[in-house]
Amino acid sequence: MRLRRAGPFVVNHAMHAANSSRLHRSAIAGLLLAAAALAGCGPDDEESAAPFAGSETELLVPSGLGAETAWPRILDEWTARTGGKFRVTPYDAAPPRSSTTAARSAAAGIVVFPLAELPELVAAGMPTPIPAERMDSAQLAWVDVLPGLRESVGRAGGRPAVLPVACPVFVLYYRRDLLEKAGLSPPATWEDYAALVETLDRWAPGLVAVEPWGPNWRTAMFLARAVSYCRHPENYSVFFDVENAQPLIHGAGFVRALDEARNARIRLAPESLGYSPADCRREFFSGRAALAIAFELGPGQPTGSVPASGDAAAAERPPTMRAGFAPLPGVREVFYRSGDAGRWERMAAVHRVTLVGFAGLGAAVVGRGPPPAAWDLLRALTIDEVVSAFPSGARTPCRASQLAGPPSAWVGSELVGTEPAEYLSAVELSLRSETVVADLPIVERAWFRNALTIALDAALTGKATSSGALNAVAQRWGMLLEEHGPGRVLDSYRRSLGLRPLSTPDASPQ
């Protein structure tokens with residue numbers, strides 16, 4: 001097997017903003033898969049010893065994923081076990097709709113794709129829904145996928161279809177030692193967070209707060225703040241009205257979130273306007289930042305895209321530092337939209353909604369009538385061998401069994417003691433609920449995100465008010481809807497929410 005050589009693959013927002021070791025098996029997954037093997041492959045059963053003999057599965061893989069070195073052993077062992085053959089086809093994941101174009105060329109196979117491309121795949125009639133008989137714990141273990149991912153990026157047109165491999169969520173990093181010394185607690189709401197940022201000089205003198213407001217991350221950071229205000233439990237619509245495609249980005253919830261972000265921005269480290277999550281993480285573990293918003297990408301963390309400030313490049317983690325981790329804050333009031341109006345509603349408890357799909361990878365079967373071999377190989381790559389198949393930077397914990405296992409595959413070496421488990425707990429809390437919002441899950445997504453990114457720059461630098469900037473976005477989105485077809489964009493949005501499309505026939509059961 002020969003693969004085209006390519007550079008290192010890192011799952012970050014820049015990958016799709018262009019227009020957009022060891023083997024670890026969890027105890028649960030290992031036992032289930034061993035049981036399945038024993039049940040299906042008896043030594044005297046010649047047919048089951050090579051159940052996929054004569055079958056070939058095509059694997060469509062983004063160039064630079066590292067398959068050249070990691071996959072030969074995995075695939076050869078799979079062939080020896082099953083008799084199935086394979087063909088690996090790399091493709092360039094940078095251009096828009098590239099995974100959809102590649103998948104169309106496959107009669108039947110597996111595609112590994114940026115999650116940002118999922119609406120395009122769905123609009124093209126892909127991926128193939130997971131058959132009911134393949135969803136049990138001995139096979140694709142659908143129930144093991146964390147609920148927030150199962151109910152968002154895991155579904156295509158409302159049906160289980162995608163196994164997420166990497167789907168990072170923003171996490172709040174904080175100096176536990178300093179908060180506890182001051183008698184303070186981690187923030188439960190964005191209001192609490194603002195109070196901590198404003199009083200940094202009292203509880204963390206000399207330190208700063210950092211957030212990833214760099215150009216490639218600005219939209220994701222804003223939406224991660226806003227979705228808790230905008231996703232009322234009784235409203236489907238967040239970004240567009242699901243009945244008429246009217247943009248909602250200038251609504252009261254988004255305006256409040258941007259007002260708060262602008263106020264916080266004044267008190268953040270000035271470099272935050274250029275920072276990525278990796279930059280924020282570096283500033284935190286160097287001891288310069290007491291609060292940071294970032295996420296882990298496993299061992300060998302990237303150092304960031306912006307040079308470290310001051311002496312941070314040479315600094316090591318302070319010896320007295322104890323790090324804490326929490327889900328992003330929530331809100332106490334949520335905007336309830338009713339018709340063209342709405343009202344703010346006080347919630348009985350803190351309301352927290354997690355943003356997903358702003359970066360990451362998924363894997364799915366494509367093609368009509370795919371052979372059983374494709375589903376079996378999908379399991380091997382995304383469950384049995386996921387830590388070996390996907391390098392650091394191209395995988396995050398997406399399953400309950402992964403969170404229950406050793407955390408070393410998922411966090412950087414800077415985390416010590418109980419910190420790795422605490423970080424994974426914050427991820428679990430973020431994704432345990434089904435109340436999640438996918439980052440602009442529509443076709444032609446890059447155009448809409450770019451319009452929002454430009455407006456956010458104007459608002460954050462004081463060139464526009466929050467309402468003025470978002471009104472401009474709504475107008476631009478209206479123009480983009482006309483350019484790309486309002487029915488087409490709306491249908492893709494409805495499918496992402498599990499609703500039937502309005503403009504095109506769809507007899508699929510929901």
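L440 sits in the loop between β15 (436-438) and α18, and its phi is near 40°, a positive value in a residue other than glycine. Keep in mind that this is a predicted model.

- L440 is tucked away, and it counts as buried because its relative accessibility is 0%.
- E444 belongs to the loop between β15 and α18 too.
- For background, most residues other than glycine have a negative phi.

**α18 against α12**

- Helix α12 (residues 252-267) packs on helix α18 (residues 445-460) at an angle of about 50°, and the axes are 10 Å apart.
- That angle makes the two helices, α12 and α18, oblique to each other.
- If you look at the handedness, α12 passes α18 in a right-handed crossing.
- On the α12 side the contact uses L258, A261, R262 and R265, and these meet L456, A459 and L460 in α18.
- Sorted by class, the residues in this contact of α12 with α18 come out as 5 nonpolar, no polar and 2 charged.

**α18 against α19**

- Helix α19 (residues 466-484) is another partner of α18: their axes come within 9 Å and cross at roughly 165°.
- With that angle, α18 and α19 are roughly antiparallel to each other.
- The crossing of α18 and α19 is right-handed.
- From α18, the contact takes in W447, F448, A451, L452, A455 and A459, while α19 brings A469, L470, V473, R476, W477, L480, L481 and H484.
- The class count for the contact of α18 with α19 is 12 nonpolar, 1 polar and 1 charged.
- A459 turns up in the contact with α12 and again in the contact with α19.

- G64 is in the loop between β1 (56-62) and α4 (67-82), and its relative accessibility of 8% makes it buried.
- In sequence G64 and D92 are 28 residues apart, yet in space their C-alpha atoms are 8.6 Å apart.
- α4 itself has these buried residues: A67, A70, W71, I74, L75, W78 and T82.
- The cover over those α4 residues includes β1, β2 (85-91), β3 (108-114), α14 (372-384) and α15 (386-389).
- Just after α4 comes G83, with a positive phi of about 85°.
- V112 is in strand β3 and is buried, at 2% relative accessibility.
- Beyond its neighbours within four places in sequence, V112 contacts L60, P62, L65, W71, Y91, L361, G362, A363 and F390.
- V112 and L65 are 47 residues apart in sequence, with their C-alpha atoms 9.7 Å apart in space.

**A cis peptide bond**

- The peptide bond from M126 to P127 is cis, and its omega is near -5°.
- P127 lies in the loop between α6 (118-123) and α7 (147-150).
- As a general point, most peptide bonds are trans.

**Cysteines**

- The disulfide count comes to 0, going by a cut-off of 2.5 Å between cysteine sulfurs.
- C167 is buried, at a relative accessible area of 2%.
- C230 is buried as well, at 9% relative accessibility.

**A buried glutamate**

- E419 is in helix α17 (residues 419-432).
- E419 counts as buried because its relative accessibility, 5%, falls under the 20% limit.
- Setting aside residues up to four places away in sequence, E419 touches R317, R322, A323, F325 and E414.

Notes:
Residues are numbered from 1 along each chain as its sequence is written. This is a predicted model: local features need pLDDT of at least 70, side-chain atom pairs count only at pLDDT 80 or more; totals for chains, interfaces and linings use all residues. Side-chain values use heavy atoms; hydrogens and water are left out. Buried means under 20% relative accessible area, exposed over 50%, partly exposed in between (1.4 Å probe, protein chains only). Helices (H or I, at least four residues) and strands (E, at least two) are DSSP runs, numbered from the N terminus. Contact means heavy atoms within 4.5 Å. Axes are lines fitted to C-alpha atoms, for helices over the stretch in contact, and angles run from 0 to 180 degrees between N-to-C directions. Angles under 35 degrees count as roughly parallel, over 145 as roughly antiparallel, 65 to 115 as roughly perpendicular and the rest as oblique. A crossing is left-handed if the near helix is turned anticlockwise from the far one by less than a right angle, and right-handed if clockwise. Ala, Val, Leu, Ile, Met, Phe, Trp, Tyr, Cys and Pro count as nonpolar, Asp, Glu, Lys and Arg as charged, and the others, Gly among them, as polar.
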